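Let's walk through a protein model together, one question at a time. Keep the 3D view open and look up each residue as it comes along.

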Amino acid sequence: MEQVRSLISILDLTVEEIDQLVATATDMLANPAAYAHKCDGKILATLFFEPSTRTRLSFESAMLSLGGQVLGFSEASSSSAAKGESVADTVRTVSCYADIIAMRHPKEGAPLVASQHALAPVINAGDGGHNHPTQTLTDLLTIRHEKGRFEDLTVGFCGDLKFGRTVHSLISAMSRYAGTKIVLVSPEELKLPSYVKKEVLQKRDIPYEQTTDLEAVMPKLDILYMTRVQRERFFNEEDYLRLKDSYILTPDKLYNAKEDLSILHPLPRVNEISVAVDKDPRAAYFRQVRYGRYIRMALIMKLLGIE
Ligand code: NCD
């Protein structure tokens, strides 16, 4: 049997493949009708063992926009996982009903295990505090449209860099472009895990700095990637309450930012960006949401081998 192609880490795609996906998604934004029947007769299963609004609905919207159909569940309690079924058995089963599977799971590595047992491509839609490659594709499409390039960008990540899976995946992706510089802004307790520093930043010789002071580094940033403190990954509520409002971006904190800064956030936002920032033309996070549908359309077609 031919090996199916899954997407577990953003590094499963080459930079050339990412360029192709970005180009296809850009064409889809301009000519959606041309793609309306590309996936006629195909079925996407969304297996979400963790809450989601954008990721699950954008996957479903993407498949429906391609003429395909969707099925799935949005909480573990409504699936046989609640009876103790393993991820391997669940995906073996779902492979009989669907042509492609998007899976979100609280356990790091669960989508990888799923991909080893599924007969259909598996897309990692977020695994615990580890990775989130399709958010990264969304972020990359946003960056291409906002900045016009991937090279020579100084990207600041602010908030929960320890548990934020979108951060880990986007750092991996950006580390492959020439001239990338990374600025890490977080409380001491929520610093980027050392495995990401070692295996990505140090291995690829990416210049990076770590600080707790957002305003001090603001002037050098081309992109500011704000993140939510990941309450569900904390071991105790006191730590979460102490750290949750470490950074709150307000209009006055942007006084020394670049004119052409792009502010990204994977969303959901809790408190970390004041709604007053939404009016600032540099706030790109709602444009970013829109891109998520189109890049997932391009990805679904690619993994199904549809031209
Ligand atoms: C992110 C996630 O689930 O990791 N959201 C998303 O997919 N857009 C970020 C978050 O939950 O904070």
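Q: How far from the ring centre of Phe-59 does the charged end of Arg-296 sit?
A: Welcome to a predicted model. A charge counts as over a ring if CZ of Arg is within 6 Å of the ring centre and within 35 degrees of the ring normal. The charged end of Arg-296 sits over the ring of Phe-59, and its distance from the centre is 5.0 Å.

Q: Which residue lies over the face of Phe-150?
A: Here you can look for another charge placed over a ring. At 4.3 Å from the ring centre of Phe-150, the residue lying over the face is Arg-144.

Q: Is the pair of Phe-157 and Tyr-225 stacked, edge-to-face or tilted?
A: By the ring-pair rule, the count in this model comes to six aromatic pairs. Planes under 30 degrees apart count as stacked, over 60 as edge-to-face and the rest as tilted. The rings of Phe-157 and Tyr-225 have centres 5.5 Å apart and planes at 50°, so this pair is tilted.

Q: How many residues apart are Phe-157 and Tyr-225?
A: Phe-157 belongs to strand β5 (residues 154-158), while Tyr-225 belongs to strand β8 (residues 223-226). Both Phe-157 and Tyr-225 are buried. Their pair links distant parts of the chain, and the separation is 68 residues.

Q: Which residues form a cluster through ring pairs?
A: Start with Phe-234 and Tyr-240, an edge-to-face pair with 5.8 Å from centre to centre and 75° between the planes. Phe-234 and Tyr-240 are both buried. Ring pairs link these two with another residue, and the cluster is made of Phe-163, Phe-234 and Tyr-240.

Q: How much of the ligand's exposed area does the protein bury?
A: Look at the residues around the ligand, which include Thr-55, Arg-104, Arg-165 and Pro-266. A polar side-chain atom of His-132 lies 2.7 Å from an oxygen atom of the ligand. Taken alone, the ligand exposes 310 Å², and the share of that buried by the protein is 94%.

Q: Is Leu-267 buried or exposed?
A: Leu-267 is found in the loop between β9 and α10. Its phi is near 65°, a positive value in a residue other than glycine. The peptide bond from Leu-267 to Pro-268 is cis, with omega near 5°. Since buried means under 20% relative accessible area, Leu-267 at 11% counts as buried.

Q: Where is Asp-152, a residue with positive phi that is not a glycine?
A: The phi of Asp-152 is about 55°. To locate Asp-152, go to the loop between α5 (133-147) and β5.

Q: Is Val-275 buried or exposed?
A: Val-275 sits in the loop between β9 (262-264) and α10 (285-303). Exposed means over 50% relative accessible area. The value for Val-275 is 61%, so Val-275 is exposed.

Q: Which residues does Ser-169 touch, not counting those up to four places away in sequence?
A: Ser-169 is found in helix α6 (residues 165-174). With a relative accessible area of 1%, Ser-169 is buried. Leaving out residues up to four places away in sequence, the residues Ser-169 touches are Ile-10, Asn-131, His-132, Pro-133 and Thr-136.

Q: What distance separates the C-alpha atoms of Thr-142 and Gly-128?
A: Thr-142 is in helix α5, and with a relative accessible area of 0% it is buried. Thr-142 and Gly-128 are 14 residues apart along the chain, and the distance between their C-alpha atoms is 24 Å.

Q: Which residue has its backbone nitrogen 3.1 Å from a polar atom of the side chain of Ser-52?
A: Ser-52 has its place in the loop between β1 (43-48) and α2 (54-65). A polar atom of its side chain lies 3.4 Å from the backbone nitrogen of Thr-55. At 3.1 Å, the backbone nitrogen belongs to Arg-56.

Key:
Residues numbered from 1 in each chain as written. Predicted model: local features only at pLDDT ≥ 70, side-chain atom pairs only at ≥ 80, totals over all residues. Heavy atoms only, no water. Phe/Tyr/Trp six-rings, centres within 6.5 Å; stacked < 30°, edge-to-face > 60°. Helix = DSSP H or I, 4+ residues; strand = E, 2+ residues; numbered from the N terminus. Buried < 20%, exposed > 50% of the residue type's maximum accessible area, 1.4 Å probe, protein only. Near = heavy atom within 4 Å. Polar contact = N/O pair within 3.5 Å; in protein donor to acceptor, adjacent residues only side chain to side chain. Areas by Shrake-Rupley, 256 points an atom, 1.4 Å probe, with all protein chains shown as cover. Contact = heavy atoms within 4.5 Å.
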